[in-house]
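Student: Could we go through this structure together and ask what lies behind each label?
Tutor: Gladly, let's take a look.

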Amino acid sequence: MSILKVARLGHPVLRSPSRPVTPAELATPDLQRLIDDMIETMYEYDGVGVAAPQVHVGLRLAVLEVPESDERTREAVPLTVLVNPEIKPMGPELEIGWEGCLSIPDLRGQTPRFSRLSLSALDRDGKAFTLEAAGFHARVIQHECDHLDGRVYLDRMDGMRTLSYQHELERHALPHGD
Ligand code: NI
């Protein structure tokens with residue numbers, strides 16, 4: 001497995017819509033290796049998700065995993081591979097939370113997202129699955145699916161006033177405050 005170079009904001013691949021993965025190409029060793037490398041890259045950079053455009057590949061493919069230790073979540077999310085994902089919000093409720101992105105290093109911003117959604121996708125073996133997600137899990141799914149349409153979280157923020165360096169947020173956050 002290899003750690004892949006992550007595209008940073010300004011690279012056109014992050015602003016281009018990706019195309020669906022075909023069943024034939026999903027079965028190839030090259031594509032299976034790409035999935036393994038995306039997982040390795042996510043772990044290396046302590047991300048909770050990586051989408052294929054972030055590693056310079058314009059395919060509708062993403063991986064995500066949220067460890068229990070992540071302070072933004074109440075529940076861990078197991079490693080999930082999303083191939084050609086489609087999401088539908090379950091209701092109009094939005095919630096605001098901090099987001100960051102490996103393609104926009106060191107920054108965080110408060111970003112509104114749908115609170116609940118249903119997801120349908122293929123797994124890495126080409127098998128269809130559906131799931132429902134809420135809270136931070138739903139946030140990560142929306143963030144990764146946005147990458148497949150050439151969008152980043154900055155586009156979803158209500159203005160830039162909360163955009164902050166992670167280091168400064170940690171310095172100035174009130175202990176256990178809200
Ligand atoms: Ni991202």
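**Pocket and salt bridges**

Tutor: The largest pocket holds about 1200 Å³ of space, a volume being the space filled by probe spheres set on grid points joined across faces, edges and corners. This is a predicted model, where local features need pLDDT of at least 70, side-chain atom pairs count only at pLDDT 80 or more, and totals for chains, interfaces and linings use all residues. Residues are numbered from 1 along each chain as its sequence is written, and side-chain values use heavy atoms, with hydrogens and water left out.

Student: What makes R171 and E168 a salt bridge?
Tutor: The term requires a side-chain nitrogen of Lys or Arg within 4 Å of a carboxyl oxygen of Asp or Glu. The closest N and O atoms of R171 and E168 are 2.8 Å apart, so the pair qualifies.

Student: How do you know that R151 also pairs with D146?
Tutor: Their closest N and O atoms are 3.3 Å apart, so this pair meets the rule too.

Student: Why is D146 called buried?
Tutor: Buried means under 20% relative accessible area, exposed over 50%, and partly exposed in between (1.4 Å probe, protein chains only). D146 has 5%, so it is buried.

Student: And what makes R151 partly exposed?
Tutor: R151 has a relative accessible area of 32%, so it falls in the middle class.

Student: Why is R171 called exposed?
Tutor: Its relative accessible area is 54%, so R171 counts as exposed.

Technical notes: On a 1 Å grid over the protein atoms alone, a cavity is a set of points where a 1.4 Å probe fits but cannot get out, and a pocket is an open set with protein on both sides within 12 Å along at least five of seven lines; lining residues have an atom within 4 Å of a point.
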